[in-house]
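Hi everyone, thanks for coming. I'd like to walk you through one model today, so please have a look at the screen.

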Amino acid sequence: MYAIVETGGKQYRVCEGDVISVEKLDAEVGTKVELDKVLLLGEGDDLKIGTPYIEGAAVTAEVVEVGKAKKVMIFKYKNKKDYRKKQGHRQPYTMLKIESLEK
């Protein structure tokens with residue numbers, strides 16, 4: 001059985017035991033998080049599709065890690081104008097381990 005959940009403006013396909021990296025959530029390592037924006041749940045003929053979400057469905061996950069991704073360099077310049085701008089960005093993330101899918 002799998003589910004499609006929405007968090008941080010993105011959608012993820014998850015099964016029990018999966019580890020996913022999502023946009024930063026306000027939770028500490030070791031706490032349980034409930035994702036209640038479930039778009040699709042089930043498998044095969046037993047498939048429930050929400051409009052837009054399934055009422056009463058939830059995905060329970062445990063926070064495994066909170067950190068920052070690798071640095072991405074942004075370099076802007078204008079040809080022949082002596083304009084150069086170098087900037088770096090590290091996107092914060094939360095790593096979740098999916099524990100259960102509830103109908």
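First, the ground rules. This is a predicted model, so local features need pLDDT of at least 70 and side-chain atom pairs count only at pLDDT 80 or more, while totals for chains, interfaces and linings use all residues. Residues are numbered from 1 along each chain as its sequence is written, and side-chain values use heavy atoms, with hydrogens and water left out.

Let's start with the sheets. When I say strand, I mean a DSSP run of E with at least two residues, numbered from the N terminus. Two strands pair if DSSP finds at least two bridges between them.

Ala-3, for example, has Val-14 in S2 as its bridge partner.

There is another open sheet of four strands, with the order S3-S10-S7-S4 and antiparallel pairing. Here the edges are strand S3 (19-23) and strand S4 (32-35), each of which pairs on one side only. The twist in this one averages 45° from one strand to the next. How many bridges join S7 to S10? Ten: strand S7 covers residues 58-68, strand S10 covers residues 92-102, and they run antiparallel. Glu-65 stands opposite Met-95 in S10. On S3, the antiparallel pairing with S10 runs over five bridges, and Val-22 has Thr-94 in S10 as its bridge partner.

That brings me to Thr-94, which lies in strand S10. Is Thr-94 buried or exposed? Thr-94 counts as buried, because its relative accessibility is 0%. The cut-offs are under 20% relative accessible area for buried, over 50% for exposed, and partly exposed in between, with a 1.4 Å probe and protein chains only. A polar atom of the Thr-94 side chain sits 2.9 Å from the backbone nitrogen of Leu-25. Leaving aside neighbours within four places in sequence, Thr-94 is in contact with residues including Ile-20, Val-22, Leu-25, Val-63 and Val-66; contact here means heavy atoms within 4.5 Å.

Now the core. In soluble globular proteins, nonpolar side chains tend to be buried together. A nonpolar core is a set of buried Ala, Val, Leu, Ile, Met, Phe, Trp, Tyr and Cys residues joined through side-chain atoms within 4.5 Å. The largest one has 19 residues, and those with the most contacts inside it are Val-14, Val-38, Val-59 and Leu-96. At least two residues of this core come from each of strand S1 (2-7), strand S2 (10-14), S3, S4, strand S5 (38-43), S7 and S10. Beyond its neighbours within four places in sequence, Val-59 is in contact with Ala-3, Val-14, Val-38 and Ile-98, among others.

On to charges. How many salt bridges does a search of the whole structure find? Four, where a salt bridge is a side-chain nitrogen of Lys or Arg within 4 Å of a carboxyl oxygen of Asp or Glu. One of them joins the side chains of Lys-10 and Glu-23 at 2.4 Å, N to O. That pair links distant parts of the chain, with Lys-10 in strand S2 and Glu-23 in strand S3, 13 residues apart. Lys-10 is partly exposed at 38% relative accessibility, and Glu-23 is partly exposed too, at 23%.

Glu-99 forms a salt bridge with Lys-32, with the closest N and O atoms 3.1 Å apart. Glu-99 lies in strand S10 and Lys-32 in strand S4, so the pair ties together parts that are 67 residues apart in sequence. Glu-99 is partly exposed at 31%, whereas Lys-32 is exposed at 54%. Asp-82 forms a salt bridge with Arg-84, at 3.8 Å between the closest N and O atoms, and both residues are exposed.

Last stop: Lys-37, in the loop between S4 and S5. Lys-37 is partly exposed, at 38% relative accessibility. Lys-37 and Glu-55 are 18 residues apart in sequence and 8.8 Å apart in space, C-alpha to C-alpha. Setting aside neighbours within four places in sequence, Lys-37 is in contact with Ile-4, Val-5, Glu-6 and Tyr-53.

Terms used
Axes fitted to C-alpha atoms, helices over the stretch in contact; angles between N-to-C directions. Polar contact = N/O pair within 3.5 Å; in protein donor to acceptor, adjacent residues only side chain to side chain.
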